[in-house]
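Hi there,

Here is the structure I said I'd pass on. Have a look at it first, then read my notes below.

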Amino acid sequence: MQEHPSSADDDFAVAHREWLRERVAHYLGRPVPDTAPLDEEGFDSVAALSLYGDIEDEFGTLIDPEDIWTYPTVRELAGFLAMRDSRREPGRVRAAFVFTGQGSQHPGMTAGLHLHSTGYRTFLEEADAALLPHTRQSMAELILGDDPRIHRTALAQPALFAVGYALARTLQEAGVQPVAVLGHGIGEFAAATVAGALTLDDAAGLVSLRGASMQRLPPGGGMMATCITPQEAAELVAGEPDVGIGAVNAAKSVVLSGDRAALERIEAVLAERHVRCRYLAVAHAFHSPLMRSMVPGFEAVLRRLPGGAARLPFYSTVYGRLATEPLYAPYWAEQITSPVRFADAARSMLAQQAPTHVVEIGPRAVLTPYLRRMGGGRRGPVCLPVCQGPGSDAVDLAGVISALDAGPLTAAFPGVRDSGARDSGARDGGA
């Protein structure tokens with residue numbers, strides 16, 4: 001879905017829109033409304049290719065040819081072109097939000113942040129209130145306590161949703177507005193809520209039902225991280241119908257998911273190739289064929305909820321690209337068994353949105369190392385997590401907001417101690 005610009009963004013795109021309007025009129029032989037889909041006005045592939053050449057001559061390589069169809073009106077394409085062109089403006093911050101998935105949870109997550117940040121407390125309570133009718137227990141109390149039940153799927157998923165939502169809303173309240181969002185697994189629900197495709201109440205019901213439904217599945221599944229390519233993974237699972245590709249996190253970072261015995265057979269094959277494998281600490285085989293039995297019941301509930309289209313660019317890890325389709329029931333049902341195409345979605349977001357900063361939103365840093373490598377290290381965007389791990393607190397959040405040129409900081413975090421008094425101990429970097 002394309003971003004719906006604010007009036008300020010619209011003004012920023014005026015020059016690009018006027019230029020595009022003239023070029024489109026040139027190829028069609030007549031003017032067209034800024035909001036009319038170009039393909040419906042007779043703008044064909046030949047004209048699109050010519051327009052792409054004009055854009056490249058005028059502005060340089062800012063977009064890909066397929067972006068002309070992804071943003072199909074003069075207004076939308078002008079907004080996207082202006083957004084990409086804005087990276088030439090020194091000091092203009094463009095932050096993308098990336099929401100961490102299951103596996104990042106830990107007892108006491110965000111406790112330090114909750115202690116000193118009034119904003120975070122407020123938004124966590126808001127998410128907790130939305131979840132309570134479904135979970136029948138306070139997620140905030142579970143999140144902040146030293147409770148090992150945080151790792152149970154039925155509780156981990158709504159808890160991670162609450163943390164992701166509260167962290168994102170805290171950043172937004174401080175003035176950090178994302179130019180795009182992306183979520184890994186359960187993180188997609190918080191991403192969709194921030195993007196406006198789901199309401200908080202609808203998302204709370206879905207993540208609670210999703211986690212509880214998965215918790216009821218029979219045990220016996222597992223997930224195994226491997227250092228192989230997606231093509232190698234596809235060849236390995238071809239003979240194992242109860243195993244699938246659970247996630248593709250990087251070019252040679254794949255998670256296989258499915259029946260534990262079948263995974264052990266694949267592990268033996270990889271051991272002969274001297275490829276290391278690591279089992280993840282999960283009770284079920286997420287994003288695998290073993291999830292299929294829960295889909296019908298989940299989809300039946302989904303059909304009663306409206307869902308909708310994102311109001312800012314939502315990069316789907318189901319599709320591995322920008323989702324231009326509304327996020328209705330079939331999407332969330334497909335998400336249960338589909339691989340998490342994180343690498344494809346993240347690369348697409350980095351290329352198309354050209355963010356100056358990518359913020360990992362979750363209780364600890366898990367995806368940031370992948371994002372840094374995809375972004376090209378020092379040449380790419382600044383990649384920073386809101387929370388490094390269990391020791392993160394409001395001072396860390398204040399540093400993130402400062403790096404994103406938002407604030408004011410002291411007003412947002414009353415009672416925060418001076419950053420110079422911080423301990424300099426090592427942080428949990430995640431996995």
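Predicted model: local features only at pLDDT ≥ 70, side-chain atom pairs only at ≥ 80, totals over all residues.

**Helix H7 and its neighbours**

The crossing is right-handed. On the H7 side, the contact includes Glu-126, Ala-127 and Leu-131, and on the H11 side it includes Leu-200, Ala-204 and Val-207. Sorted by class, this contact has six nonpolar, four polar and two charged residues.

H7 also meets helix H9 (residues 153–173), with axes that come within 8 Å and cross at roughly 145°. Here, too, H7 passes in a right-handed crossing. Among the residues in this contact are Tyr-120, Phe-123 and Leu-124 of H7, along with Phe-161, Tyr-165 and Arg-169 of H9. The class count for H7 with H9 is 12 nonpolar, three polar and three charged residues.

Thr-110 isn't a glycine, yet it has a positive phi of about 65°. You'll find Thr-110 in the loop between strand S1 (95–99) and helix H6 (111–116). Is Thr-110 buried or exposed? Its relative accessibility is 4%, so Thr-110 counts as buried.

His-274 has a positive phi as well, near 60°. His-274 is in the loop between helix H13 (260–272) and strand S6 (277–279). With 75% relative accessibility, His-274 counts as exposed.

Cheers

How values were computed
Residues numbered from 1 in each chain as written. Heavy atoms only, no water. Left-handed = near helix turned anticlockwise from the far one by under 90°. Helix = DSSP H or I, 4+ residues; strand = E, 2+ residues; numbered from the N terminus. Contact = heavy atoms within 4.5 Å. Nonpolar A, V, L, I, M, F, W, Y, C, P; charged D, E, K, R; others polar. Axes fitted to C-alpha atoms, helices over the stretch in contact; angles between N-to-C directions. Buried < 20%, exposed > 50% of the residue type's maximum accessible area, 1.4 Å probe, protein only.
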